[in-house]
Amino acid sequence: TPLATGVHDWQAQGITSVLHEKRGGYANNTGTVYGLGGKAESEGVRIMSGVKVQGFESGNGSGAITAVQTDRGTIQCDYVIVAVGPWVKSVWEMLELPRAVTIKGADGMLHENVPTWVFWSLQEGTLGVDPNLQRTNDGDMPPVIHVDTDAALHSCVDGSVVTDQMWGIYYKPDFHFGGIQGGAAPFKVAADPDDVAVDPYGPESPDFVVGEEFAHMWVSALAHCQKRFEGQMPKYKNEPSGGIGAFSPDSFPVFDVFRENCYVIADSNHGFKMIGVGKLVAEEICGARSKLMEPFRFSRYIEGKLHPVSNSPFPWS
Ligand SMILES: Cc1cc2nc3c(=O)[nH]c(=O)nc-3n(C[C@H](O)[C@H](O)[C@H](O)COP(=O)(O)OP(=O)(O)OC[C@H]3O[C@@H](n4cnc5c(N)ncnc54)[C@H](O)[C@@H]3O)c2cc1C
């Protein structure tokens, strides 16, 4: 494993599979989104930010959307694309789409009344060390390291067992957050999805910011993996972090057309690969059917065309 990770102090034992995504990487999210916005505008797209969608209109005995109601007025339209991340449940309900699904299991049995959207709380934080602490042996920027393991995890503070169950973490140097930033497996929000307040979102949320338990587990896991993180617990940055995601019944995205002219991109928190999905969606709207998108149709639940179930503790692996 030290060879695969390129870091000399690797010490997690029992890692049986290593995947190195050589073309992978990471970028500042805000800068990336503004960069993409600039590219769209240079193609003549007009972006109106700060406008809230509140409902949809249809008519003439058809389900097709004829207009979008917003807090700044009603906008007539030929086609609607919905890509609202963790807010999908509210817009889904405005579109009067099914609040629950029937799933045909691998055994052919029908499982009824499974909520279409549930929430998971993402666990992320930053260890406030110099981000340059994490470099490869050659002094280069390291990849994002993601570890899933069933090795017992011991506290880096007092040696006690943090967990003897399957656990997972990811981490990378981060110059924006000022340290080593990363996370651990999220947990399903116990509250009824109807009662979950998505706003205020992220660090402003009174309900969904990570606590001490996360910090202890995550920093212990960093030390489990690399010796350089031993004894660093006091440097954990005690500032609000994390956020929630809206997940589909199988935790995979839903990319499909509803109401005849409404394309919903519901990412189920699968990340920035949605940039590539946007291109495929544009091609589909222009008339090409994408084979890559077929496994993500909403009909997969009732048809039992389900995705393989992963052993990873992460819902998006
Ligand atoms: C804590 C956390 C960490 C993450 N870390 C990573 C990571 O390291 N790498 C990675 O690849 N992915 C990561 N993700 C996942 C990634 O952020 C999402 O998968 C991605 O942002 C989804 O893109 P999107 O464009 O579909 O939705 P979003 O980026 O969520 O954008 C949705 C937009 O819709 C707007 N909107 C919502 N409702 C309305 C409405 N009614 N009217 C008008 N506008 C509305 C919102 O304001 C928002 O701007 C993380 C997610 C979380 C929560």
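## Close-up views of a predicted model

**Figure 1. Helix H5 and its covering strands.** Strand E14 (254-258) and strand E15 (262-266) are among the elements that cover the buried residues of H5. Contact here means heavy atoms within 4.5 Å, and buried means under 20% relative accessible area, exposed over 50%, and partly exposed in between (1.4 Å probe, protein chains only). Helices (H or I, at least four residues) and strands (E, at least two) are DSSP runs numbered from the N terminus. This is a predicted model, in which local features need pLDDT of at least 70 and side-chain atom pairs count only at pLDDT 80 or more, whereas totals for chains, interfaces and linings use all residues. Residues are numbered from 1 along each chain as its sequence is written, and side-chain values use heavy atoms, with hydrogens and water left out.

**Figure 2. The buried face and end of H5.** Met274, Val277, Val281 and Glu284 are the buried residues of H5. Seen down the helix axis, they fall within an arc of 60 degrees and so line one face of H5; the arc is that of the directions from the helix axis to the C-beta atoms. The expected span is 1.5 Å times one less than the number of residues. Gly287, which follows H5, has a positive phi near 115 degrees.

**Figure 3. The enclosed helix H4.** Of the 14 residues of H4, 11 are buried, so the helix is largely enclosed by the rest of the structure. The buried residues include Phe214, Met217, Trp218, Leu222, His224 and Cys225. Among the elements covering them are strand E7 (118-127), strand E8 (145-149), strand E11 (167-174) and E12. From its first C-alpha to its last, H4 reaches 20 Å, close to the 20 Å expected at 1.5 Å a residue.

Figure 4. Ser205 lies in the loop between strand E12 (179-188) and helix H4 (212-225). Ser205 is buried, with a relative accessible area of 6%. A polar atom of the Ser205 side chain lies 3.0 Å from the backbone nitrogen of Phe208.

**Figure 5. The annotated segment 14-96.** UniProt, in an unreviewed entry, lists residues 14-96 as "domain: FAD dependent oxidoreductase"; such annotations may be inferred rather than shown by experiment. Over residues 14-96 the chain is 25% helix and 23% strand, with its end C-alpha atoms 49 Å apart.

Conventions. A polar contact is a pair of N or O atoms within 3.5 Å; within protein, one must be able to donate a hydrogen and the other to accept it, and residues adjacent in sequence count only if both atoms are side-chain atoms.
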